[in-house]
Amino acid sequence: MSKMLFFLEQDKKTPSLMVLNPPSPSPSIFKEKESASQLPSMTKAVPYSSVVQQADSRAPAHDNPHAAPTRVFSFSSSVTTSSEDTVLNEDDDENCVMNPHTPPTSEQVFTTPHTEFGHCANEAYRCVSKHDYTKPFQERAIEEPPLYVCFATCVSILILYMLGRLRDFFGKRFAKSYFTHLMPHNGYAQLNSDFESFYLRRIKRRMDDCYGQPITGVPGRTVLILDRYSPDYNHTQIYTGGMTRALNVSSYNYLAFSQGRGSWADAVAESIRRYGVSSCGTRLDSGSNDLHVCAEALIAHFLGAEDALVCSMGFATNSTFIPGLAGKGSLIISDELNHTSMRVGIQQSGAEVRIFKHNDMASLESLLREVISQGQPKTHRAWKKILVIVEGLYSMEGTLVNLPRIVELKQKYKFYLYVDEAHSIGSLGSRGRGVTDYFNIPPGSIDVLMGTFSKGFGAAGGYISGPKSLIDALRLRSHSGPYAEAITPSVIAQVVVSMASIMGVTPAPRPTKSTLFPGLDSSIVAPKESAEELPGMAPASMLPMWMNLRPSLADGSEARMRMRRLAFNCRYLHVGLKKLGFIVYGHVSSPIVPLLIFNPGKLCLFVRMMRARPIPIAVVVVAHPATSFNTGRARLCPSASHTKEDIDIVLRACDEVGGILDMKHGSCERWGIDEVCERAVELVHSV
Amino acid sequence: MDSSTSVALEPVLSFLAFSLSKLESGFYRIPGSAVVARYVKSSHQNDPGRTILELILVIFAIRTLLQSRTRTDRSGKHFIKFSEKEIDELVDEWVPEPLAQPLSEWEQRDLSSVPVISGPNGPKPKLLATGKIVTNLASFNFAGLAGNEKVKERALETLQKYGLGSCGPPGFYGTIDVHLDLEREIAEFLGTEASILYSQGFSTISSVIPAFCKRGDIIVADRSVNFAIQKGILISRSTVRWFDHNDLKSLEDTLISVEKERKKRKGPLTRRFIITEGIFERDGEMVDLPKLVELKLKYKYRLILDESISFGTMGRTGRGLTELYNVPASQIDMLVGSVANGLCSAGGFCAGSSIVVDHQSCIKQRINGTSFVFSASMPALLATSGSEAITFLRNNPSVLLNLQDNIRAIRAVLEKTEGITLLGHRASPIIHFCLRTQQQSLAVTQPTYDYEAEERILQDIVDDSIANGVLLTRAKHLRGQEMVESRPTIRIAATAALSRKEVEKAAGVVKASVTRILSKRR
């Protein structure tokens, strides 16, 4: 019942909580160390990329941005092997966030700073993301916590609720000035009804410091968090001006393509120089440019579809295109845990909706039999069409859709299938093509594939792909075409370069400008892979003429290495947490690892404690609006930029914090933390 | 015979007796069971009927609990029971329609006539299809920020430091300091307490409206608001009352009638909103803001004003209608604008008091239609480009004077053109014109014109003028999905990036095209 006490204390305005709250004005030990190490290295010679980069990213953002950077943009090109090595070796900072665990050898070239993309040369820490058809597909493995945990969770929600109600009751009578927006005043009705906003004011407000944490710099392997504290229980947040570098297991930068430097950034920079920032209009009037056309062809090629269409916002991709697919007289069958964007789209479409149990194929089949035999309600006319909408990878559960079974059902019941690959595209499958690739199912057997660029590709926006007739109709008839601004050139350039690097480009007839790009990108390129040619590579003619990819990108080896690192990290984190005794939802290959906490009180404690560790870790917890009240969870997103040592750190932290917070209720056979770390490779390949 | 049956039954009976006693002892072992037994005994003695009643109640409760809640349809009166075999047959027989209806001949032409620009968009872009350089009177580049070197430079700097994607929704480490900076700058620029950024301009207002307006609330909106507002109102499920397009007299009448109705019903005070646009995207009309604010204050409504077109174009420095009419922005409860149009970047914002903005950022979590919480935040470099654009507008007020000059120049030429009617306010940066017929008003309940035929003529004009070096576009609408069907128009977007001479020349080309096409028709 510690969390109850904890909440009571908070209510009595005792500052006990602040001990756990690192963004207080006093700097943490870790930060002092960081700033101490920064000074001597700053005085060294200039071309120390990582040092400069660190200093750069440490500079407060509100400083005059015009004064600072004077160096050439394509900085990565000027980094030489030797200088890089000296920096990495001489810096005697033991901090493993800033420096790699094992210093690189002279043959290994790293051009991105370790803080952004972890240096990991160990080929053992790789894994291929692929479905094993010899094992039965697990639709959804839900482990129930012990009864007392459920009970404690309910009790703590009840206490939170009652305290909130009490405070509202007395507050409205004695402290009216704080409640004006909840009460009718001056002839205006209240702006928010207090019932509607109760959860936000009374429950979420208590953990507001865990959400909306501003950051600066690249959300790569680590992230710079702007320190803040709240003197008035999260009503206002005050920024101290300090920053903390934390290990980042919360951004969706799965393949770490969103980088400040490197080939990806170079291509984007070139696009800004050539195209400017904005596309100035909607797709249908005058915002279309050749980059859009090129990207759409490339996406279609990437997915194995006839045609594709891009949209400037991932959310809007679903909410504006679904109404174009089904309307009155049609039926949409949706998974109960589909993302809000799809629900908005379905709501706007005017079609009938039926829901089936999350990823439960038996439930889907019985529903299909029912709706097809019954036809439309009352009239019993046959449905015009039935559209089944599922996600490839569910963002809150980490479950993978049972695609093989759904495709079977599709053949029998003749519905149309819409798969939202927001999280799975790029991050799943041996070739990064998402769930179809993971299950090795021809993409043509799915009617509509939708996905976003803001995750795996490190850009923003989304796409939808399918048969040409459908996409053409969507271009004209969906809301996005005539009304929404077109995707900007810089974003689309990032998409093109990311996708091309995943696919690889077939023989590059264009000579790469060796003066511009002498080095290889970010990590080691295994020479044995460079000659390999895979099906589905992009012809060089599909890329914009000006886009020069480095060899490691053009042959796809860099992206392949990243995908294999990601697959290893996901599996390792997932299985490791299970072995430590945690309840983890979802699929082992999923880049989203939901770690169940249950109790809402522990959610914020978990975030604070992870952030207060000697090596701070930035984690995301999700509760009510996204999940149910009593299954609060932390959502860890490992990325390709993490090294095995980083995952060790996360596991160790979870082990300690989880022990304190009594989170280990899993029924899996348990190992000690050291054993898990040592036998990582074995663990990963055991599942 | 008797004995044999009793012999055969004996083990059964003894087993029954044994299990009964076991059950009884087991029951009494449960703590508190004695109380239950005592209650049942005494109640049964007093009134055996009650025991039966209670038993039925318990059975009913268990049945209700076990009943599946998702399958309510099965028991409905319209449910027809089929055998498995019949269902299989029905499944086999069912033939769905194709997923998309094929494009009509006109739609195909429409799609193929969409201009694609090769290279940067700006005042003089190159077209991909012909390779020709044209004068751009179609793209939203009002202040001439497209291709601005300073903006580009700032974007490049940002890219180095932040990478491109923010890789997370604002709540989950997706808020970057540059977002906070831009939010603060917009708020300062407009003079509001706070503002909040959305990553797409179109989705901004359609999320802002449902964030505040709920079922039972009253929305009074202009009949001719843009599509995004219509969608927002639809999602909000509030009670809507429409007033005539840009007619504040009609607005006042509506407000009075709403008030009367409320008094008659004696209902509780509900939230009431007026939703309209600063400059209407559909026809370029401008709202009389001081009068609107006066009405809103008088009748105690909250005002949601969409300044997607007017922000960054109107007023001395582009602060929008509030600057033009010298109305403090704080009087507008929710001011929605577009960073994509006005600041030539991407995204949108909502500015207002901090309660409004905070409320929004948290309430977004709950409601549907929430493109703030559930979508990744905008790339950092687009945010800094927006900041740079604000700095540009602050420092270069002359730009908007040029814009006004150009608007006047275009209108002057087109006003003299035969066969078309110019619509909208004379200062509006978007200029719509439609074909001149007897019917002058845009929104007509019974169209007296042939929609498709007019569209075709306008498209001919557009094609002709593109062939002559001026990029134009029809105002694109989703026919059949808009609430009010408006007359087909051609939309010209003025820009400050062209000189007055160039603009006059371009307008001359448009005029010539119009004359040519219309004379051909006759």
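Predicted model: local features only at pLDDT ≥ 70, side-chain atom pairs only at ≥ 80, totals over all residues.
Six of the six residues of E7(B) are buried, so the strand is largely enclosed by the rest of the structure.

The neighbours of this strand can be named. Strand E5 of chain B, residues 218-222, runs parallel to E7(B), and four bridges join the two. Within this pairing, Ile218(B) stands opposite Arg272(B). E7(B) also pairs with strand E8 of chain B, again in the parallel sense, over five bridges. Here Ile274(B) stands opposite Leu303(B) in E8(B). Between these two strands, the chain passes from E7(B) through helix H12(B) to E8(B), and this β-α-β crossover is right-handed.

H12(B) comprises residues 289-299, and its buried residues are Leu289(B), Leu292(B), Val293(B), Leu295(B), Lys296(B) and Tyr299(B). These residues lie on the same side of H12(B), because they cover an arc of only 160° around the axis. An α-helix has 3.6 residues a turn, so residues three or four places apart point the same way. The buried residues of H12(B) pack against helix H11 (248-265), strand E7 (272-277), strand E8 (302-306) and helix H13 (321-324) of chain B. Just after the helix, Lys300(B) takes a positive phi of about 55°.

Elsewhere in chain B, His179(B) lies in helix H8, which spans residues 177-190. Is this histidine buried or exposed? With a relative accessible area of 5%, His179(B) is buried, because the limit for a buried residue is under 20%. Leaving aside residues up to four places away in sequence, His179(B) touches Gly174(B), Leu197(B), Ser377(B), Met378(B), Pro379(B) and Ala383(B).

Attention now turns to chain A. Its secondary structure comes to 23 helices and 14 strands, and buried residues make up 67% of its 687 residues. Among contacts in chain A between residues at least 6 apart in sequence, 74% join residues at least 24 apart. The UniProt record, in an unreviewed entry, lists residues 247-496 of chain A as "domain: Aminotransferase class I/classII large". The end C-alpha atoms of this span lie 28 Å apart, and the span is 40% helix and 15% strand.

One sheet of chain A is open and consists of four strands in the order E1-E2-E3-E12, with mixed pairing. Strand E1 (215-216) and strand E12 (617-618) of chain A stand at the edges; each has a single partner strand, so one side of each is left without a neighbour in the sheet. The partner of E12(A) is strand E3 of chain A, residues 238-248, and the two pair in the parallel sense over two bridges. In this pairing, Asn248(A) stands opposite Ala618(A).

The largest nonpolar core has 259 residues, of which Ile386(A) and Phe606(A) touch the most other members. Not counting residues up to four places away in sequence, Ile386(A) touches Leu331(A), Ile333(A), Leu368(A), Val371(A), Ile372(A), Phe415(A), Tyr416(A) and, from chain B, Trp94(B). A second, separate core of 62 residues includes Leu325(A), Ile332(A), Val336(B) and Leu478(B).

Conventions:
Residues numbered from 1 in each chain as written. Chains lettered and ligands numbered in written order. Heavy atoms only, no water. Buried < 20%, exposed > 50% of the residue type's maximum accessible area, 1.4 Å probe, protein only. Arc of directions from axis to C-beta. Contact = heavy atoms within 4.5 Å. Pairing = 2+ DSSP bridges. Right-handed = clockwise from strand over helix to strand, strands pointing away. UniProt positions renumbered as here; feature names shortened; annotations may be inferred. Core = buried A, V, L, I, M, F, W, Y, C linked by side-chain atoms within 4.5 Å.
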